[in-house]
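Let's take a walk through this structure together.

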Amino acid sequence: MGRKITIEPVTRVEGHGKVTIQLDPQNNVTESRLHIVEFRGFERFVQGRPYWEAPVLVQRLCGICPVSHHLAAAKALDVIVGAGTESLTPTGEKMRRLMHFGQMFQSHALHFFHLVSPDLLFGVDGDPAIRNVIGVALMHKELAVQGVMMRKFGQEIIRATAGKKIHGTGAIPGGINKNLSIEERDEFLKGADPLNIDKMIEWSQGALDFFKDYHAKNTEWIDEFATFPSSHMSLVRKDGALDLYHGVLRAVDNDGKKILDDVDYQDYLQYVGEEVRSWSYMKFPYLKSIGKKDGWYRVGPLARLNVCDFIPTPLAQKEFEIFKAYTKGKPNGMSMHMHWARLIELLHSAEVMKELLNDPDLQKDDLVTKGTKCKEGVGLIEAPRGTLFHHYRINDDDQIEMANLIVSTTHNNEPMNRAVNWVANNVISGQAEVTEGMMNQVEVAIRAYDPCLSCATHAIGKMPLHVQLVDGEGNVLDEQYK
Amino acid sequence: MSDIKFTIDGKECSAKSGQTIVEAAKDNGVYIPTLCHFDGLKPAGTCRICTVKVGGRNMAACTTPVTSGMVVENKTPELEDFRKAIIEMLFVEGNHMCPTCEKSGNCELQALGYRYQMMVPRFPFLFPKRAVDASSPKLYIDKNRCVQCLRCVRGITSADGRKVFGLVMRGGHAQISMDNELAAQLSDAEALKAMELCPVGAILRKEVGYAVPIGKRKYDKAPIGSEIEK
């Protein structure tokens, strides 16, 4: 008789999910799935609220990357208030960018130091009692302190731009509600060690060097683990540069051929569809030109570096060139290289923050711009975990009547399931005993995508229901669909 | 100061003729919490947050004139708990979502909740079904947040003196209503006045939310009443 392995909850990820792996009597894997078992429902209860409330309301989806939702909603509302996607005042746009890169910096630092480093430092099959952030703090104190302080620096940037470290109000339709004072700026530029931008750049480079060293010593595992071909999608600047705040949509296939290029994201519905499956609250997005079956793609740091042509800051560009040379310029399908890409973005974020902090536009007072109002707008941003879509339509009374959010983790739904499937087939299948270390490898594969499961669940009311009656041998006796 | 002498919690105070306890307390540096009271508007005594004890009886300090020799009890444990209970009742009988309300930081009810260290209300939430009226071009009414202080009813009138806001229905069904025709004629300054007059986030100007950054809002730095207390 077959049996089912359930990993619940999946740990060291944001939000709540579970994995089920079905084994036959010979312990061969017959099916594996990542289930998202929580529900949020923001798209429904934002309806009826005044549109200018959306950036503050919808960011409550998440406590880890609320800034991304805050800014994506504000960008959609820029369109609605007639400010367009590229007409913000320099201070408005640069303050938002600083907020965004502070968010990117703290989120990437959190993920690498708090969530991932235990697997690298203690091994994926290390003692779970120490294979956690407390173990890192006890046995690798310097690394743990860096993680905490880098996260703090990013959070302080968010506080200075949004008003609060979590769930601020800085971005408003058409701009921003504050500038950066000289005192605030100097605190980041010249603050006592380690809380200054130069130390953050140094530590980011250090984290990257740590990973590259680990990779050199564990090349086979890092390169083979949960590796599979896929398409990749992200925003890029119009000239092809990595741009995490604004740009056009681009997607490439596994060979690097452009599937989408120079796409105005206001038209995203022409290009991206979402499929609902019965066993998860998370939808499955796909590129319409390819179809539901093969149109899935990856988003996030790996996808962004696969899609962009260059990185417009010097240190990160140097690392990008090494990263690209490793796959001879071809798209990189190695899930564990997501960490490498994420750390290059960490370095890039620190460099961009330094550029912005030295920009006198941040001290100017022209904060908001508006134009002719319209009824509908789409906002896109590259959140830490990938491309984030916010789409709103309002009625004549300025109330939101439709909201559609496609959250970064949602795009990675199929890739994460593929990664789980890879581990199930390559690590667990056929083994006489399934160890804790094997099961942790399922989580390691999911963790590489840094999923934020709580943000990504919106399918209620649209979920098809599939009920199966199964006998003791696993035979389906009856089934019903709704 | 005139010659009316009285005490609040034993403190010697003086008042001008005709002043209410709330007004005189303020002049003497004593904070008595209020919600429906607003300087310059005729007192209504609707919220009872300002309840004090005079001669052993509970009185609304915003409607009771000071008399010579009056002995007022204000900051007693009994009255403070009574006030906290009223604040809790106001929270549970509406649908107050401070985290996303644009009045957060400027809201008097929220500020009172902080001042009285309200953690979890002792009463069950009622979760009433209340409507939002967004049909006016300048003002947005969220009845979920209304505490029926009637400040808007008393303070906002049209150029020819007609009331822009009124109370409709009775008892537990009573709610604020806005005359959309008159509201549409309000100037931007009058619309701002209506928003500022509302102690909570029930009356809001349209399309200008969250313009004041966190840190510069009214109660970000100091608790409500600290501007009065000496």
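What follows goes from confidence in the model to helix packing, and then to domains and the contact of the chains.

Keep in mind from the start that this is a predicted model. For chain A, the average pLDDT is 89, and 91% of the residues score at least 70. Where pLDDT is low, the predicted coordinates should not be read in detail.

Now find helix 3 of chain A, residues 66-80, and helix 4 of chain A, residues 90-122. Their axes lie 9 Å apart, and the two helices pack at an angle of about 150 degrees. Because angles over 145 degrees count as roughly antiparallel, helix 3 of chain A is roughly antiparallel to helix 4 of chain A. Helix 3 of chain A and helix 4 of chain A make a left-handed crossing. On the helix 3 side of chain A, the contact is formed by A:Val67, A:Ser68 and A:Leu71, while helix 4 of chain A brings A:Arg96, A:Met99, A:His100 and A:Gln103. Sorted by class, the residues of this contact between helix 3 and helix 4 of chain A are 3 nonpolar, 3 polar and 1 charged.

A second pair to look at is helix 8 of chain A, residues 197-217, with helix 12 of chain A, residues 337-357. Here the axes come within 9 Å and cross at roughly 165 degrees, so helix 8 of chain A and helix 12 of chain A are roughly antiparallel to each other. The crossing of helix 8 of chain A and helix 12 of chain A is left-handed. Among the residues that helix 8 of chain A brings to the contact are A:Met200, A:Leu208 and A:Phe211, and those from helix 12 of chain A include A:Trp340, A:Leu343 and A:Leu347. The contact of helix 8 with helix 12 of chain A has 14 nonpolar, 4 polar and 2 charged residues.

Let's move to chain B, which is divided into domain 1 (4-75) and domain 2 (84-205). The C-alpha centres of domain 1 and domain 2 of chain B are 25 Å apart. Where do they touch? In chain B, 11 residues of domain 1 are in contact with 13 residues of domain 2. The domain 1 side of that contact in chain B has 8 nonpolar, 1 polar and 2 charged residues.

Finally, look at where the chains meet: 19 residues from chain A and 16 residues from chain B take part in the contact. The side of chain A that touches chain B comprises 5 nonpolar, 8 polar and 6 charged residues.

How values were computed. Residues numbered from 1 in each chain as written. Chains lettered and ligands numbered in written order. Predicted model: local features only at pLDDT ≥ 70, side-chain atom pairs only at ≥ 80, totals over all residues. Contact = placed C-beta atoms within 7 Å. Nonpolar A, V, L, I, M, F, W, Y, C, P; charged D, E, K, R; others polar. pLDDT = per-residue confidence, 0-100. Axes fitted to C-alpha atoms, helices over the stretch in contact; angles between N-to-C directions. Helix = DSSP H or I, 4+ residues; strand = E, 2+ residues; numbered from the N terminus. Parallel < 35°, antiparallel > 145°, perpendicular 65-115°, else oblique. Left-handed = near helix turned anticlockwise from the far one by under 90°. Domains from an automatic or database assignment.
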